[in-house]
Amino acid sequence: MAGSLNLGKVRGDTGPGVASGGTMGQFLVKKTGTDYDTEWRDGIWTVNHNPPDNAGNVTVDIGVFNIAYDATNKKFTKTVNGTTTDVVTVSTLKSDMSLNNVENKSSSDIRGELTSSDVTTALGFTPTDSTDTITDAQIDALFD
């Protein structure tokens, strides 16, 4: 075909900023804020999840980031390039969240305890019985 060009195997020259080398699984990243200052790094986006240990502690490594849950102190920490900071303390027990008086009931138990009076009080009116009928005059009165 006249005028067509197949670029499928055309390769550009290595240019400034594309560091030579690199191996499978590595990523090309900016090393500094300077234009074209790049380097190859190992698996910065790989995620390693370690199963909980016997104390319930969990760690997740995401490249240079590490996120850890300390079950004893109930807190998450993050570590970036060797510097660790607390992220959040977690309340995991009923007593931690001031829920000591809350019962643990199934929805079936709760539905079994509801009375029609409870529903009427919550709604603020008495629902009509599904067997009740409404007359044409009553309907007309609604729209007058």
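In the predicted model, threonine 77 touches Asn66, Ile67, Ala68, Thr84, Thr85, Asp86 and Val87, when residues up to four places away in sequence are not counted. Threonine 77 belongs to strand 6, which spans residues 75-80. With a relative accessible area of 14%, threonine 77 is buried, because a residue counts as buried when this value is under 20%. One of the residues touched by threonine 77 is Val87, and valine 87 is itself part of strand 7, formed by residues 83-89.

Strand 6 (residues 75-80) and strand 7 (residues 83-89) belong to a protein that contains seven strands and three helices in total. Read from the N terminus, the order of the elements is β-β-β-β-β-β-β-α-α-α. The protein has 144 residues, of which 8% count as buried. Among contacts with a separation of 6 or more, those between residues 24 or more positions apart make up 0%.

Part of the surface is formed by a nonpolar patch consisting of Ile67, Phe76, Val87 and Val88. Together, these four residues have about 300 Å² of accessible area. Two members of the patch, Ile67 and Val87, are also among the residues that threonine 77 touches. Phenylalanine 76, another member of the patch, is partly exposed, its relative accessible area being 32%.

Phenylalanine 76 also takes part in an aromatic pair. A search of the whole structure identifies one such pair. Its partners are tyrosine 69 and phenylalanine 76, whose ring centres lie 4.9 Å apart. The planes of the two rings meet at 45°, and the pair is therefore tilted; planes under 30 degrees apart would count as stacked, and those over 60 as edge-to-face. The two partners fall into separate accessibility classes: tyrosine 69 counts as buried at 16% relative accessibility, whereas phenylalanine 76, at 32%, is partly exposed.

Tyrosine 36 is located in the loop that lies between strand 1 (26-30) and strand 2 (38-42). The relative accessible area of tyrosine 36 is 56%, so this residue is exposed, the cut-off for that class being over 50%. Tyrosine 69, by comparison, is buried.

Notes. Residues are numbered from 1 along each chain as its sequence is written. This is a predicted model: local features need pLDDT of at least 70, side-chain atom pairs count only at pLDDT 80 or more; totals for chains, interfaces and linings use all residues. Side-chain values use heavy atoms; hydrogens and water are left out. Helices (H or I, at least four residues) and strands (E, at least two) are DSSP runs, numbered from the N terminus. Buried means under 20% relative accessible area, exposed over 50%, partly exposed in between (1.4 Å probe, protein chains only). Rings of Phe, Tyr and Trp (its six-membered ring) pair if their centres lie within 6.5 Å; planes under 30 degrees apart count as stacked, over 60 as edge-to-face and the rest as tilted. Contact means heavy atoms within 4.5 Å. Patches are made of residues with over 30% relative accessible area and no salt bridge: like charges are joined within 9 Å, nonpolar side chains (Val, Leu, Ile, Met, Phe, Trp, Tyr) within 5 Å. Accessible areas come from the Shrake-Rupley method with a 1.4 Å probe; for residues, only the protein chains shown count as cover. A salt bridge is a side-chain nitrogen of Lys or Arg within 4 Å of a carboxyl oxygen of Asp or Glu.
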